[in-house]
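Hello,

Please find the structure below.

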Amino acid sequence: MTADSRQNTRRALLAGVGLAAAAGGTWWALKRQTSVSTGGAGQTLAGDPVPADFWARQFDTPSGPALALSSLQGRPLLINFWATWCPPCVKEMPELDRFHREFSGQGWNVLGLAVDSPTPVKGFLAKKPVAFQIGLAGLGGTELAQELGNTAGGLPFSVLIDAQGGIRQRRMGATNFDELAAWAKAFVA
């Protein structure tokens, strides 16, 4: 074997190893993405009911009185997990507010669950008020978000629950009015 043919063989082997590594990385990324979008093992899937104790939970609110999730039961509900320190969360708040204003007359509820402490939430809402309800979930909000399918643990995270208590849509990352309106129009409430 000549030096040129050995070098060509090495190049071909390295290229093959590189292609195999790229294919493996692509497979892993697609598998992880599918796991996140469908809930992953042990998580709720689209169409699954909310966790058994979901409607029994309640949250303090920035204005004082506690908000019982049971008061929102029986109507379609969009829950958005957010925090004041999360730029995409802050950016999407007007979109959520617009969705609330345009769809509340059709029976929709919107709930923002702040994964944050009360003081910054109150300060934020004093500067940028919203018409939809805000609950103070604190760090416990991350556990609830995981129960609803947020396997990545990131913010913002939105989940749409139908009037029967079934999970219909999920979104990791910022959403917008058009996407939310399409979700709402995709099924009869």
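**Aromatic rings and the disulfide**

Both F99 and F103 are buried, that is, under 20% relative accessible area, with exposed meaning over 50% and partly exposed in between (1.4 Å probe, protein chains only). This is a predicted model, in which local features need pLDDT of at least 70 and side-chain atom pairs count only at pLDDT 80 or more, while totals for chains, interfaces and linings use all residues. Residues are numbered from 1 along each chain as its sequence is written, and side-chain values use heavy atoms, leaving out hydrogens and water.

The whole structure was searched for aromatic pairs, and 6 were found. Rings of Phe, Tyr and Trp (its six-membered ring) pair if their centres lie within 6.5 Å; planes under 30 degrees apart are stacked, over 60 edge-to-face, the rest tilted. One of the pairs is F54 with W55, edge-to-face at 4.7 Å centre to centre and 80 degrees between the planes. F54 counts as buried because its relative accessibility is 0%; W55 is buried at 13%.

F99 and F103 are stacked, with centres 4.7 Å apart and planes at 20 degrees. Ring pairs join F99, F103, W108 and F177 in a cluster. Over the ring of F177 sits the charged end of R98, 3.7 Å from the ring centre (cut-offs: NZ of Lys or CZ of Arg within 6 Å of the centre and within 35 degrees of the ring normal).

The search also gave 1 disulfide (cysteine sulfur atoms within 2.5 Å). C86 and C89 form it, with their sulfur atoms 2.3 Å apart. The S-S torsion is about 75 degrees, so this disulfide is right-handed. Both cysteines, C86 and C89, are buried.

Regards
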